[in-house]
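Have the viewer open as you read.

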Amino acid sequence: MPESSKRTVAVTHLTGIGAVILAAGASTRIGIPKQLLQLRGQTFLRRAASVALEAGCRPVVVVTGANAAAVRESLRGLDVLEAENQQWESGISSSVRVGVEALVTANPRIAAVVLMLCDQPFVTRDVIVGLVRAHYETGCSIVASQYGGSYGVPALFGKAHFAELATLKGAAGAKQTIQKHLRKAHLLPFPGGEIDVDTPGDFARLRSTNYSDTSKSADLN
């Protein structure tokens, strides 16, 4: 790793930025746990967790729910904390709450959290480091990724928003909090962010050579 990258990772770690990876869903549209889909020899979830760790986020909390045992096994050997969401069927908001609570319990002095999904395969270490860098350079307490004419995760939320994230209900994800504070949020372009996997067709396109080659954000080797 270049020295400049080492310094960036160290700074990120020391500033108390944690990560929460939401991986509790049942993946009903694709028919199998997408957390465990293999792409180039690595599961989606393990890759997301590795990216957060490489970016210097500590702690990294993975929220499990459906298929928790199998998902847990896919993380073996990684320095992550698991937070099992017993109410995962109530919607993604419950996973956000469980993840943020676990993060604060692990480190009460945590300064901010990066919320991530496991099915955005073009999220790289540099994407996460970019969110953290923008947070400190702009002073914005919310830094969200911008893609596909909209915005969303991965996104960074300062501690001032933790309580609000914990009050989300049902299917309302973190995008609702971003929208509420949009005028004061910083949006960071991330062209590959709109590519996620919800259906077998999505996964087939992702695995195709042409699809991977057309994304400048691809880093799936």
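Which residues line the largest cavity? They are Phe-44, Arg-47, Ala-48, Val-51, Met-116, Leu-117, Cys-118, Gln-120, Pro-121 and Val-123.

Before going on, some ground rules: this is a predicted model, where local features need pLDDT of at least 70, side-chain atom pairs count only at pLDDT 80 or more, and totals for chains, interfaces and linings use all residues. Residues are numbered from 1 along each chain as its sequence is written, and side-chain values use heavy atoms, with hydrogens and water left out.

On a 1 Å grid over the protein atoms alone, a cavity is a set of points where a 1.4 Å probe fits but cannot get out, while a pocket is an open set with protein on both sides within 12 Å along at least five of seven lines; lining residues have an atom within 4 Å of a point.

Helices (H or I, at least four residues) and strands (E, at least two) are DSSP runs, numbered from the N terminus. Of the 31 residues lining the largest pocket, the closest to its centre are Gly-25, Lys-34, Ile-92, Leu-117 and Asp-198.

**Packing**

A nonpolar core is a set of buried Ala, Val, Leu, Ile, Met, Phe, Trp, Tyr and Cys residues joined through side-chain atoms within 4.5 Å; buried means under 20% relative accessible area, with a 1.4 Å probe and protein chains only. In the largest core, with its 42 residues, Ile-21, Met-116 and Ile-128 touch the most other members. Helix α2 gives the most to this core, with seven residues. A second, separate core of 25 residues includes Leu-22, Val-113, Tyr-151 and Ile-178.

Back to Met-116, one of the cavity-lining residues. Leaving out residues up to four places away in sequence, Met-116 touches Val-20, Ile-21, Leu-22, Ala-48, Val-51, Ala-52, Val-123, Ile-128 and Pro-154 (contact means heavy atoms within 4.5 Å).

Note on methods: Buried < 20%, exposed > 50% of the residue type's maximum accessible area, 1.4 Å probe, protein only.
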